[in-house]
Amino acid sequence: MNKPQITIYIPCLHYGHFLSQAVESVLAQSRTDWELIIVNDGSRDDTAEVAARFEAADPKRVRVITHTEPRGLQVSANEVLQVARGQYLMRLDADDYLDDNALLVLAHYLDQHPDVALVYPNYIYVDEKGNFLAIEHRKKVGKEAQLLDLPAHGACTLVRKRVFKSIGGYDESNDRQDGYDLWLKVIDRFPVANVATPLFYYRQHSKSLTG
């Protein structure tokens with residue numbers, strides 16, 4: 001396989017029952033120049049078996065990183081940053097999944113706007129079984145809202161890897177949410193953009209990390 005342009009990574013802690021749908025949504029992308037890194041962050045469920053199955057089926061594009069104990073979202077993201085081969089990075093949570101054209105739309109936007117550091121889409125809320133709940137129409141940072149008016153959601157944001165490296169990666173003292181950490185470091189130095197199209201499915205359930 002040629003060097004991928006996009007690296008998607010899925011951190012997974014006890015979400016093995018959702019992981020297959022997340023991975024399959026990557027495999028179904030209309031844009032195919034990607035690699036996928038699954039981070040098993042110390043899960044005690046069937047995450048290891050699910051991840052190994054996808055890696056065995058497509059070892060040139062799918063890799064698994066395994067932590068024997070949970071190390072947190074920020075540590076996992078920084079670890080991926082060191083081994084990612086793509087120019088663009090995206091985190092996909094293990095309980096969410098992508099629209100088939102998510103990478104096509106977001107990567108095209110960055111391809112056409114070389115000054116933009118990151119681009120984030122709107123998204124669809126679904127329940128635990130994937131049933132439609134609502135659409136989140138996100139405001140544009142710096143135009144329609146200040147950062148603190150927005151929910152902290154770093155998932156499914158496509159970011160240039162060089163930008164990640166220029167800001168020194170993530171602050172590992174916070175292991176739960178990377179939305180504010182990412183944007184606070186970026187928006188004062190680089191332009192950011194929103195694509196109004198809903199491009200991923202954000203699952204709402206009782207064990208959600210957001211809750």
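The model is predicted: local features require pLDDT of at least 70 and side-chain atom pairs pLDDT 80 or more, while totals for chains, interfaces and linings use all residues. Residues are numbered from 1 along each chain as its sequence is written, and side-chain values use heavy atoms, with hydrogens and water left out.

**Whole chain.** Display the cartoon: the protein has 6 helices and 9 strands, taken as DSSP runs numbered from the N terminus (helices H or I, at least four residues; strands E, at least two). Of its 211 residues, 54% count as buried; buried means under 20% relative accessible area, exposed over 50%, and partly exposed in between (1.4 Å probe, protein chains only). With the surface shown, the accessible area comes to about 9800 Å², and 50% of this belongs to carbon and sulfur atoms (Shrake-Rupley method, 1.4 Å probe; for residues, only the protein chains shown count as cover).

**Nonpolar cores.** Select Leu-19, Leu-36 and Leu-158, which touch the most other members of the largest nonpolar core, a set of 38 residues. Such a core consists of buried Ala, Val, Leu, Ile, Met, Phe, Trp, Tyr and Cys residues joined through side-chain atoms within 4.5 Å. Elements that each supply at least two residues of the core include strand S1 (6-12), helix H2 (47-57) and strand S9 (192-203). Centre on Leu-36: beyond four places in sequence, its contacts (heavy atoms within 4.5 Å) are Ile-8, Ile-10, Val-23, Val-26, Arg-61, Val-62 and Arg-63. A second, separate core has 21 residues, among them Ala-117, Tyr-120, Phe-164 and Val-192.

**Cysteines.** Next select Cys-12, buried at a relative accessible area of 1%, and Cys-156, also buried at 1%. Taking a disulfide as a pair of cysteine sulfur atoms within 2.5 Å, the count is 0.

Move to Gln-29, in the loop between helix H1 (16-27) and strand S2 (34-41). Gln-29 counts as buried because its relative accessible area is 4%. A polar atom of its side chain lies 3.3 Å from the backbone nitrogen of Ala-102. Outside four places in sequence, Gln-29 also touches residues including Trp-34, Leu-98 and Asp-100.

Finish at Asp-100, in the loop between strand S5 (97-98) and helix H4 (102-112). Asp-100 is partly exposed, at 43% relative accessible area.

Definitions and conventions: Polar contact = N/O pair within 3.5 Å; in protein donor to acceptor, adjacent residues only side chain to side chain.
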